Amino acid sequence: MSFPTPISIEDKSLTKNARVTVMTFVALLLASALLTPALAQKATQHLLSSDELTKVAPAEFFFRGQKATVQLRNATGFEATSGMVTFGALVDASGYSSSIQEKYQGLFITESKLNIGGSELAPGAYGFGFTKDKFIVMNVASEDVLSVPYSTDAELKRAVPLKMVEDGAGYKLYAGKKWVAVKPE
(Lines give C-alpha, C1' and ligand atoms only; values in the text may rest on other atoms or scores of the structure.)
Protein backbone atom coordinates (compact mmCIF):
# COMPACT_ATOMS: atom_id res chain seq x y z
CA MET A 1 0.00 0.00 0.00
CA SER A 2 1.40 3.38 -0.87
CA PHE A 3 0.70 6.69 0.82
CA PRO A 4 0.89 10.10 -0.76
CA THR A 5 4.12 11.91 -0.18
CA PRO A 6 3.73 14.45 2.62
CA ILE A 7 3.95 18.08 1.58
CA SER A 8 6.83 19.90 3.05
CA ILE A 9 6.10 23.23 4.75
CA GLU A 10 9.34 24.35 3.22
CA ASP A 11 7.71 24.31 -0.25
CA LYS A 12 6.76 28.01 -0.34
CA SER A 13 5.11 27.98 -3.80
CA LEU A 14 2.60 25.36 -2.77
CA THR A 15 1.62 27.07 0.48
CA LYS A 16 1.34 30.39 -1.32
CA ASN A 17 -0.97 28.81 -3.91
CA ALA A 18 -2.98 27.17 -1.16
CA ARG A 19 -3.37 30.50 0.63
CA VAL A 20 -4.51 32.23 -2.57
CA THR A 21 -7.01 29.42 -3.19
CA VAL A 22 -8.42 29.65 0.35
CA MET A 23 -8.64 33.45 0.21
CA THR A 24 -10.37 33.31 -3.17
CA PHE A 25 -12.85 30.77 -1.82
CA VAL A 26 -13.58 32.94 1.24
CA ALA A 27 -14.01 36.03 -0.97
CA LEU A 28 -16.48 34.17 -3.17
CA LEU A 29 -18.45 33.00 -0.14
CA LEU A 30 -18.62 36.56 1.22
CA ALA A 31 -19.64 38.00 -2.15
CA SER A 32 -22.31 35.34 -2.52
CA ALA A 33 -23.69 36.08 0.94
CA LEU A 34 -23.78 39.82 0.23
CA LEU A 35 -25.33 39.53 -3.24
CA THR A 36 -28.01 36.97 -2.41
CA PRO A 37 -30.28 39.45 -0.54
CA ALA A 38 -29.85 42.04 -3.32
CA LEU A 39 -30.80 39.51 -5.95
CA ALA A 40 -33.75 38.29 -3.89
CA GLN A 41 -35.02 41.87 -3.60
CA LYS A 42 -35.00 42.54 -7.35
CA ALA A 43 -37.73 45.03 -8.17
CA THR A 44 -40.97 43.90 -9.71
CA GLN A 45 -43.00 46.24 -11.87
CA HIS A 46 -45.87 47.61 -9.80
CA LEU A 47 -47.99 50.67 -9.09
CA LEU A 48 -46.62 52.79 -6.27
CA SER A 49 -48.48 52.70 -2.97
CA SER A 50 -49.41 55.92 -1.21
CA ASP A 51 -46.49 55.36 1.21
CA GLU A 52 -44.05 54.99 -1.71
CA LEU A 53 -45.47 58.12 -3.37
CA THR A 54 -45.05 60.08 -0.14
CA LYS A 55 -41.34 59.19 -0.17
CA VAL A 56 -40.70 60.33 -3.76
CA ALA A 57 -43.11 63.18 -4.50
CA PRO A 58 -41.90 66.70 -3.68
CA ALA A 59 -44.03 69.17 -1.70
CA GLU A 60 -43.45 71.81 -4.40
CA PHE A 61 -42.43 71.68 -8.05
CA PHE A 62 -40.47 74.37 -9.90
CA PHE A 63 -41.93 75.11 -13.33
CA ARG A 64 -41.68 78.19 -15.58
CA GLY A 65 -40.07 80.49 -13.04
CA GLN A 66 -42.06 79.67 -9.93
CA LYS A 67 -43.04 76.89 -7.53
CA ALA A 68 -46.39 75.19 -7.40
CA THR A 69 -47.74 73.15 -4.49
CA VAL A 70 -47.98 69.43 -5.30
CA GLN A 71 -51.31 67.72 -4.58
CA LEU A 72 -50.06 64.47 -3.04
CA ARG A 73 -53.64 63.15 -2.85
CA ASN A 74 -53.63 63.35 -6.66
CA ALA A 75 -50.32 61.53 -7.22
CA THR A 76 -49.75 58.25 -9.02
CA GLY A 77 -46.86 56.27 -10.42
CA PHE A 78 -45.07 52.99 -10.89
CA GLU A 79 -41.76 51.24 -10.35
CA ALA A 80 -40.39 49.39 -13.38
CA THR A 81 -38.62 46.02 -13.20
CA SER A 82 -35.34 47.95 -13.42
CA GLY A 83 -36.20 49.61 -10.08
CA MET A 84 -36.60 52.98 -11.81
CA VAL A 85 -39.55 55.10 -10.68
CA THR A 86 -42.00 57.15 -12.75
CA PHE A 87 -44.68 59.29 -11.15
CA GLY A 88 -46.96 62.21 -11.73
CA ALA A 89 -49.03 64.50 -9.53
CA LEU A 90 -51.40 67.39 -10.02
CA VAL A 91 -50.22 70.82 -8.86
CA ASP A 92 -51.90 74.04 -7.78
CA ALA A 93 -51.27 76.13 -10.91
CA SER A 94 -53.43 79.07 -9.78
CA GLY A 95 -50.44 81.46 -9.65
CA TYR A 96 -49.60 80.93 -13.32
CA SER A 97 -50.85 82.89 -16.31
CA SER A 98 -53.95 81.52 -18.03
CA SER A 99 -51.91 80.53 -21.10
CA ILE A 100 -49.72 78.26 -18.92
CA GLN A 101 -52.69 76.99 -16.86
CA GLU A 102 -54.34 75.78 -20.08
CA LYS A 103 -51.71 73.10 -20.51
CA TYR A 104 -49.83 72.81 -17.17
CA GLN A 105 -51.78 70.70 -14.72
CA GLY A 106 -49.13 68.58 -13.08
CA LEU A 107 -45.59 67.33 -12.71
CA PHE A 108 -44.22 64.20 -14.32
CA ILE A 109 -40.89 62.72 -13.21
CA THR A 110 -39.30 59.63 -14.71
CA GLU A 111 -35.97 57.92 -14.03
CA SER A 112 -36.21 55.81 -17.16
CA LYS A 113 -37.00 56.24 -20.82
CA LEU A 114 -40.74 55.92 -21.56
CA ASN A 115 -42.99 55.38 -24.52
CA ILE A 116 -46.04 57.64 -24.17
CA GLY A 117 -48.73 57.25 -26.79
CA GLY A 118 -46.13 56.00 -29.30
CA SER A 119 -43.57 58.78 -28.64
CA GLU A 120 -40.35 58.52 -26.64
CA LEU A 121 -39.74 60.57 -23.50
CA ALA A 122 -36.24 60.77 -21.97
CA PRO A 123 -35.67 60.57 -18.21
CA GLY A 124 -36.28 63.89 -16.50
CA ALA A 125 -38.66 66.22 -14.66
CA TYR A 126 -41.51 67.72 -16.65
CA GLY A 127 -44.81 69.53 -16.49
CA PHE A 128 -47.81 67.91 -18.18
CA GLY A 129 -51.40 68.58 -19.10
CA PHE A 130 -54.39 67.31 -21.00
CA THR A 131 -55.57 70.03 -23.39
CA LYS A 132 -58.65 70.03 -25.63
CA ASP A 133 -57.18 67.42 -27.96
CA LYS A 134 -53.67 66.42 -26.80
CA PHE A 135 -51.62 65.16 -23.89
CA ILE A 136 -48.64 67.52 -23.63
CA VAL A 137 -45.37 67.10 -21.75
CA MET A 138 -43.22 70.20 -21.27
CA ASN A 139 -39.73 70.88 -19.94
CA VAL A 140 -39.50 73.17 -16.91
CA ALA A 141 -39.25 76.20 -19.23
CA SER A 142 -42.77 75.35 -20.50
CA GLU A 143 -41.55 74.23 -23.93
CA ASP A 144 -43.40 71.25 -25.42
CA VAL A 145 -41.23 68.12 -25.61
CA LEU A 146 -44.00 65.61 -26.34
CA SER A 147 -47.51 65.98 -27.70
CA VAL A 148 -49.75 62.99 -28.43
CA PRO A 149 -53.48 62.51 -28.86
CA TYR A 150 -55.23 61.02 -25.84
CA SER A 151 -58.12 58.57 -25.68
CA THR A 152 -61.35 58.94 -23.74
CA ASP A 153 -62.91 56.15 -21.68
CA ALA A 154 -66.61 57.01 -21.85
CA GLU A 155 -67.52 53.87 -19.88
CA LEU A 156 -65.35 54.70 -16.89
CA LYS A 157 -67.74 54.68 -13.92
CA ARG A 158 -65.75 56.64 -11.34
CA ALA A 159 -63.44 59.20 -12.86
CA VAL A 160 -60.84 60.71 -10.52
CA PRO A 161 -58.51 63.67 -11.09
CA LEU A 162 -55.37 61.53 -11.70
CA LYS A 163 -54.59 57.82 -11.54
CA MET A 164 -52.68 55.03 -13.27
CA VAL A 165 -53.98 51.57 -14.00
CA GLU A 166 -52.05 48.55 -15.22
CA ASP A 167 -52.42 47.77 -18.90
CA GLY A 168 -50.44 44.72 -19.99
CA ALA A 169 -46.73 45.56 -19.79
CA GLY A 170 -47.51 49.25 -19.33
CA TYR A 171 -50.00 51.63 -17.76
CA LYS A 172 -52.77 54.03 -18.60
CA LEU A 173 -52.40 57.51 -17.10
CA TYR A 174 -55.90 58.89 -16.50
CA ALA A 175 -57.00 62.46 -15.87
CA GLY A 176 -60.72 62.08 -15.39
CA LYS A 177 -61.86 60.01 -18.38
CA LYS A 178 -58.94 61.05 -20.62
CA TRP A 179 -55.95 58.70 -20.77
CA VAL A 180 -52.63 57.99 -22.51
CA ALA A 181 -50.59 54.79 -22.64
CA VAL A 182 -47.33 54.90 -20.69
CA LYS A 183 -44.81 52.09 -21.07
CA PRO A 184 -41.31 51.83 -19.58
CA GLU A 185 -38.57 51.02 -22.11
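Modeller: Two strands count as paired when DSSP finds at least two bridges between them. With that in hand we can turn to this model, which is a predicted one.

Colleague: How many helices and strands are there in the protein?

Modeller: The protein has 185 residues, of which 35% count as buried. Its secondary structure, counted as helices and then as strands, comes to 3 helices and 14 strands.

Colleague: In which sense do strand β3 and β4 pair, and over how many bridges?

Modeller: β3 and β4 form a hairpin with 5 residues between them, and in that turn glycine 83 has a positive phi of about 90°. Strand β3, which covers residues 66–79, pairs with β4 in the antiparallel sense, and the number of bridges is 7.

Colleague: Which residue in β5 is the bridge partner of leucine 90?

Modeller: β4 is also joined to strand β5, residues 106–110, by 5 bridges, and these two strands run antiparallel. Within β5, the residue that partners leucine 90 is glycine 106.

Colleague: Why can strand β4 be called largely enclosed by the rest of the structure?

Modeller: In a regular strand the side chains alternate between the two faces of the sheet. Here Val85, Phe87, Ala89 and Val91 point one way from β4, while Thr86, Gly88 and Leu90 point the other way, and all are buried. β4 spans residues 85–91, and it is largely enclosed because the buried share of its residues is 7 of the 7.

Colleague: Which residues touch the most other members of the largest nonpolar core?

Modeller: The elements that give two or more residues to this core are β6, β8, β9, β10, β13 and β14. Apart from it lies another core, of 19 residues, which has Ala57, Phe61, Ala89 and Met138 among its members. In the largest core, which has 22 residues, those that touch the most other members are Phe108, Ile116, Leu121, Phe128, Phe135, Leu173 and Val180.

Colleague: Leaving aside neighbours within four places in sequence, which residues is isoleucine 116 in contact with?

Modeller: Isoleucine 116 is one of the residues that touch the most other members of the largest core. With its neighbours within four places in sequence set aside, its contacts are Phe108, Leu121, Phe135, Leu146, Val148, Val180, Ala181 and Val182.

Colleague: Is threonine 131 buried or exposed?

Modeller: Threonine 131 is found in the loop between β8 and β9. Beyond its neighbours within four places in sequence, it is in contact with Glu102, Lys103, Ile136, Tyr150 and Lys178. Buried means under 20% relative accessible area. Threonine 131 has 15% relative accessibility, so it counts as buried.

Colleague: How far apart in sequence are the parts tied together by lysine 103 and aspartate 144?

Modeller: Lysine 103 forms a salt bridge with aspartate 144, and their closest N and O atoms are 2.7 Å apart. Lysine 103 lies in the loop between α3 and β5 and aspartate 144 in strand β10, so the distance in sequence between the parts that the pair ties together is 41 residues.

Colleague: How far apart are the closest N and O atoms of glutamate 60 and lysine 67?

Modeller: The structure holds 2 salt bridges. At 42% relative accessibility glutamate 60 counts as partly exposed, while lysine 67, at 57%, counts as exposed. Glutamate 60 forms a salt bridge with lysine 67, and the separation of their closest N and O atoms is 3.3 Å.

Definitions and conventions. Residues are numbered from 1 along each chain as its sequence is written. This is a predicted model: local features need pLDDT of at least 70, side-chain atom pairs count only at pLDDT 80 or more; totals for chains, interfaces and linings use all residues. Side-chain values use heavy atoms; hydrogens and water are left out. A nonpolar core is a set of buried Ala, Val, Leu, Ile, Met, Phe, Trp, Tyr and Cys residues joined through side-chain atoms within 4.5 Å. Buried means under 20% relative accessible area, exposed over 50%, partly exposed in between (1.4 Å probe, protein chains only). Helices (H or I, at least four residues) and strands (E, at least two) are DSSP runs, numbered from the N terminus. Contact means heavy atoms within 4.5 Å. A salt bridge is a side-chain nitrogen of Lys or Arg within 4 Å of a carboxyl oxygen of Asp or Glu.
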